[in-house]
Amino acid sequence: MSDAQRRQLDACFVNAYAKINVTLDILRRRDDGYHELITIMQTVDLYDTLCLTAAKDERVHLSCTVPELNTGDNLALRAAQVLRQRFVITRGVNIELVKRIPVAAGLGGGSSDAAAVLIALRQWWRLGISDAELFAVAAEIGSDVPFLLHGGLALCDGRGEQVTRLPPFWPASMRWLLLLKPALGLATADVFRGLSARDYSGGSHSRAVLAALRARQTPEPGHLHNSLERGVLEMYPQVAQARHDLLEAGAPLVRLSGSGPTLFAPFAALETAQQAQAQLQAQGYEVYLTHPIYPGEPAWRRN
Ligand code: C5P
């Protein structure tokens, strides 16, 4: 069988994991319109699945379980197009995308789909590109995409695209994570626009959490800070209500993930997390029971 025939038979399945922002310190607005920030991110066990196959033509095709995401703006599609242009690839690809991560939720779903496409196509198309080049392409697609190439635990700064990977460590008191997605979607750009100077923090929260995690200690709850949280809670009463209900359901701590509206709440014990999840679901909330995860390489399968 020729290489070309073999490629026709191959399908690459890859999972794209969601992230939470353990901290998000926003330092200032930059001249280019982005914000300088320091954030600690961790991937969690909630994922989309992508299946890549060779296209019959030279184009990139996307088919997504959420019809509204079948657009030219989809970051998974854009990732494949950017790679094709940058490395003058004439091959086409079909991308099938099973969406499980809530959309416009602050969980990095679209960015993670893009990162998964970059990782998979580099391998599949045997692109001789360095990690540094892949990171540069990822940063072009979105600020969170470089982190999501590897996931795990990392400190990210700049506009979020400068990634320092951290050794895996997660406090036992935070072992289980409930993610509550209020019934609205937020555009990241809108949330950043709602920032005021009083929301800026110098980065001390992220640095304190970094020191704690490096020392394999539990961070102080007060340092699990998100500079975007005040504005989101003020602007969107639904999110404030959801936060209240999570606390009422027994969550010891509730924080906004990224630009929201998803809230995360860590629990030490599975039983308590499950009880809170059941109570909140009975109230009509969309709630996921997850835990931190360190993704491996994409799984390659043949049809
Ligand atoms: O980088 P990404 O495309 O994900 O960012 C989406 C929007 O969020 C940007 O256009 C910008 O308005 C805002 N943003 C920001 N500062 C950052 C990251 C994002 O202002 N560090």
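**Chat about the ligand site**

Q: Let's start with R159: which of its atoms lies 2.9 Å from a nitrogen atom of the ligand?
A: A backbone N or O atom of R159. Keep in mind that this is a predicted model.

Q: Thanks! And how much of the ligand does the protein bury?
A: The protein buries 74% of the 450 Å² that the ligand exposes when taken alone.

Q: Where does the ligand sit?
A: The ligand sits in the largest pocket.

Q: Which residues are around the ligand?
A: Here you go: G33, Y34, H35, L37, G142, S143, R159, T188, A189 and F192. By class, that shell has 4 nonpolar, 5 polar and 1 charged residues.

Q: Which element gives the most to the shell around the ligand?
A: That's α6, with 3 residues. Both β2 (35-54) and α6 (188-193) supply at least two residues each.

Q: Switching topic: where is V103 found?
A: V103 is in the loop between β4 (93-98) and α3 (109-124).

Q: Why does V103 count as partly exposed?
A: Because its relative accessibility is 39%, and partly exposed covers the range between under 20% for buried and over 50% for exposed.

Q: Last one: how far apart are V103 and A282 in space?
A: They are 22 Å apart, C-alpha to C-alpha, and 179 residues apart in sequence.

Note on methods. Residues are numbered from 1 along each chain as its sequence is written. This is a predicted model: local features need pLDDT of at least 70, side-chain atom pairs count only at pLDDT 80 or more; totals for chains, interfaces and linings use all residues. Side-chain values use heavy atoms; hydrogens and water are left out. A residue is near a molecule or strand if one of its heavy atoms lies within 4 Å of it. A polar contact is a pair of N or O atoms within 3.5 Å; within protein, one must be able to donate a hydrogen and the other to accept it, and residues adjacent in sequence count only if both atoms are side-chain atoms. Accessible areas come from the Shrake-Rupley method with a 1.4 Å probe; for residues, only the protein chains shown count as cover. On a 1 Å grid over the protein atoms alone, a cavity is a set of points where a 1.4 Å probe fits but cannot get out, and a pocket is an open set with protein on both sides within 12 Å along at least five of seven lines; lining residues have an atom within 4 Å of a point. A molecule sits in a cavity or pocket if more than half of its atoms lie within 2 Å of its grid points. Helices (H or I, at least four residues) and strands (E, at least two) are DSSP runs, numbered from the N terminus. Ala, Val, Leu, Ile, Met, Phe, Trp, Tyr, Cys and Pro count as nonpolar, Asp, Glu, Lys and Arg as charged, and the others, Gly among them, as polar. Buried means under 20% relative accessible area, exposed over 50%, partly exposed in between (1.4 Å probe, protein chains only).
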